[in-house]
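This report sets out selected side-chain and helix-packing features of the structure shown below.

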Amino acid sequence: SGHETVAHGGAAAEAGHGGHRSETGLKTVWTVIEHSVLNEYIPFIVLLFSLYSISGGIRLEGDLRAHSLTNTTFMAIGSLLASLIGTTGAAMLLIRPLLETNRERKHVKHTVVFFIFIVCNCGGCLLPTGDPPLFLGYLLGVPFLWTFGLWKEWLFVNISLLVIYFLWDHFVCYPRESARDLARDETEVRPLRMIGLWPNAFLLLGVIATVGLLDPSKVFPGTT
């Protein structure tokens, strides 16, 4: 009888500890979900989707002469825009006119590769709106303008890539184009025009302002 009482008491205690461990496990799972999904993943996806959708509504089209300087200028502008409207937004805006401009040329694979290097990657390191990892850092407490202090590194990397691209394209790839293709490129020209700037430009500014005001406990960027 005494042994049975002890056994029942031990079983009850074990059951109590098991219930406590189960409750603790659920709390741990919920904490992980709250931090990784609700506080980080969902805001990240919302930002990415917003920039993708809004930038996709702005269409820059035209067919310029596909000189090395023209392509380099496209990428330089993209590197500036990438930190403001995101690498995704800048790529969506500029990849179409870049491809249209180079459609008469045959040796342009490297142009797309350098576009990815500059516009889709290195250009977006100045603000949290530029690259997803920087936005996640901002959500975890990194100041909004902290990465802007990397402007010297940003300038060095992007200028280096632009110079390498220009030299490669101008001295290696452009001379390999046939005379017929170059003649078509010089004659088949359409000026750039932008469609959908209204109201999408203001929506992009709204997204940037929203990111700056995302955490009410943080001071708005540029103020004291």
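Arg-105 is buried, with a relative accessible area of 4%; buried means under 20% relative accessible area, exposed over 50% and partly exposed in between, with a 1.4 Å probe and protein chains only. The model is predicted, so local features need pLDDT of at least 70 and side-chain atom pairs count only at pLDDT 80 or more, while totals for chains, interfaces and linings use all residues. Residues are numbered from 1 along each chain as its sequence is written, and side-chain values use heavy atoms, with hydrogens and water left out.

Arg-105 is located in the loop between α2 and α3. Helices (H or I, at least four residues) and strands (E, at least two) are DSSP runs numbered from the N terminus. Apart from neighbours within four places in sequence, Arg-105 has contacts (heavy atoms within 4.5 Å) with Ala-66, Asn-71, His-110, Asp-169, Cys-173, Tyr-174 and Glu-177. With Glu-177, the side chain of Arg-105 makes a polar contact of 3.1 Å. A polar contact is a pair of N or O atoms within 3.5 Å; within protein, one must be able to donate a hydrogen and the other to accept it, and residues adjacent in sequence count only if both atoms are side-chain atoms.

## Salt bridges

Side chains of opposite charge can pair when their charged atoms come close. A salt bridge is a side-chain nitrogen of Lys or Arg within 4 Å of a carboxyl oxygen of Asp or Glu, and by this rule the count comes to 13 salt bridges.

| Glu-100 | Arg-59 | 3.5 Å |

Asp-169 belongs to helix α5 (residues 151–173) and Arg-105 to the loop between α2 and α3 (109–118), so their pairing ties together parts that are 64 residues apart in sequence. Both Asp-169 and Arg-105 are buried.

Arg-59 forms its salt bridge with Glu-100 at 3.5 Å. Because Arg-59 lies in strand β1 (residues 59–63) and Glu-100 in helix α2 (residues 68–101), this pair ties together parts that are 41 residues apart in sequence. Arg-59 is partly exposed at 30% relative accessibility, whereas Glu-100 is buried at 16%.

In the remaining pair of the table, Glu-104 is buried at 0% relative accessibility and Arg-103 is partly exposed at 47%. A network of salt bridges links Asp-63, Arg-103, Glu-104, Lys-106, Asp-181, Arg-184 and Glu-188.

## Packing of α3 and α5

Two packed helices are described by the angle between their axes and the distance between the axes. The axes of α3 and α5 come within 10 Å and cross at roughly 175°, which makes α3 roughly antiparallel to α5. Axes are lines fitted to C-alpha atoms, for helices over the stretch in contact, with angles from 0 to 180 degrees between N-to-C directions; angles under 35 degrees count as roughly parallel, over 145 as roughly antiparallel, 65 to 115 as roughly perpendicular and the rest as oblique. Helix α3 contributes His-110, Thr-111, Phe-114, Phe-117 and Ile-118 to the contact, and the residues from α5 include Trp-168, Asp-169 and Cys-173.
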